[in-house]
Amino acid sequence: MDQDSSMLVLLIKRQFLQMRQLRQFQWSLTESIASSGSTTKSSSVATSLSATTPEMQQAIVDKVFYDPHVMKHPPSPTYQYSFLKKLITMIEGENVHEISSDLLEIFADLIMTAPKRPEDGGPPLEPCFKSYSLDRECKKLVTVMEEQTTISSGTTGLRTWEASFWLAEYFISHPEALEGKNVVDIGCGVGFLGIACALLGAKKVVLTDGNTEVLSMARNNISYNVVPCPTTASLLDWENFTKEQIAALEADVLILSDLTYDPTNITPLVNVLKAILVKGVSAYMSSAIRNPKTFVDFFARIKQECVGVEIDELPLQDADHLFFFDTDTVQTVKVFHLYFP
Ligand SMILES: C[S@@+](CC[C@H](N)C(=O)[O-])C[C@H]1O[C@@H](n2cnc3c(N)ncnc32)[C@H](O)[C@@H]1O
């Protein structure tokens, strides 16, 4: 397969593994090139390369559906069904190529087995595997089991939040921030970001959360990944913690993603940060700015309680993202570095 075809297969695979919404899915190299702005490739050449060609259909069967990792940790059957339905509809609509018999076989199987979507009369969506690639080659994957709904069992912690993608992208381009460091994820949720840090060179990672159901999901998620450093999950409730608990974490680097959304949580979060963010410890924090007042209040409190702390806003890349974002929230995430000079 030529280089462009391989690039398109990898792009499709990354989106598929992350279960990117099909209405935003990029099926041809042109769209990806146009959105990334990373190459000067002429669009007339690029338009000929789409997911519908026979070569690409076969590559999707072999390198996406029959990839050993995908077979072990597949996206939900309902998503796989919708993905193939969309692809087959595109192929039929173009009326140029035949649909590959292998694709049809996988689709026929999914017709029999995949539950319908809830809006089509199917059962509520179940937790499922998502895999987030830390590179464009799908070599370094973080696989987590997570809910597909925003709030589940009364907590926001059972799915990955987009703010954590921004911080992961920062660490991918600045691995020195993690290398050789003990990393502590505060309010880890399902654990995507902490597990990513383990794969990006941390010496040790501790995922922490105050919700035991969330923590148990995070613990299972560690086990789905081959992490190269000790990676564990422990309870850390910001409203009820001890000095001994904080000392046992031996934190060099704190990571915090999407924790400032709830005004009632600001005081406990400031308290735990005050206890753990001392000279020599760095905190990296990403937040979706949903309620600017809560956010401003949070930083005012941090400056008051952690006297002398520096807060730098880190620049974010605005194109060629590795992860797939909901376009609505792309504008509103900020990433900060907190440290004592
Ligand atoms: C919006 S989720 C963010 C999860 C994850 N950091 C991410 O970005 O995907 C907020 C997390 O904070 C945790 N949390 C909320 N209040 C907490 C508290 N008082 N103590 C410890 N964790 C708490 C929740 O259980 C949840 O996992």
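Modeller: Two packed helices are described by the angle between their axes and the distance between the axes. The model is predicted, so local features need pLDDT of at least 70 and side-chain atom pairs pLDDT 80 or more, whereas totals for chains, interfaces and linings use all residues. Residues are numbered from 1 along each chain as its sequence is written.

Biologist: Within what distance do the axes of H12 and H13 come, and at what angle do they cross?

Modeller: The axes of H12 (residues 266-276) and H13 (residues 292-305) come within 10 Å and cross at roughly 35 degrees (axes are lines fitted to C-alpha atoms, for helices over the stretch in contact, with angles from 0 to 180 degrees between N-to-C directions). Helices (H or I, at least four residues) and strands (E, at least two) are DSSP runs, numbered from the N terminus.

Biologist: Which residues make the contact?

Modeller: H12 contributes Ile266, Val270, Leu273 and Lys274, and H13 contributes Thr294, Asp297, Phe298, Arg301, Ile302 and Glu305 (C-beta atoms, placed from the backbone, within 7 Å).

Biologist: How should I read the sheet?

Modeller: Strands of a sheet pair through backbone hydrogen bonds, either parallel or antiparallel. Here seven strands form an open sheet with mixed pairing, in the order S5-S4-S3-S6-S7-S9-S8 (a pair needs at least two DSSP bridges). S5 (231-235) and S8 (310-313) are the edge strands, each pairing on one side only. On average, neighbouring strands of this sheet are turned by 20 degrees against each other, direction ignored.

Biologist: Are S3 and S6 parallel or antiparallel?

Modeller: S3 (residues 182-186) and S6 (residues 253-257) are parallel, with four bridges; Val184 has Leu254 of S6 as its bridge partner. By contrast, S7 (residues 282-288) and S9 (residues 333-339) run antiparallel, joined by six bridges, and Ala283 stands opposite Leu338 in S9. S8 and S9 are likewise antiparallel, over four bridges, with Glu313 partnered by Phe336 of S9.

Biologist: Which helix lies across S4 and S5?

Modeller: That is helix H10 (residues 212-223), which lies across S4 (204-209) and S5 and runs at about 175 degrees to S5.

Biologist: How many residues surround the ligand?

Modeller: The ligand is surrounded by 22 residues, of which the closest are Gly157, Gly187, Gly189, Gly210 and Ser257 (C-beta atom, placed from the backbone, within 6 Å).

Terms used: Contact = placed C-beta atoms within 7 Å.
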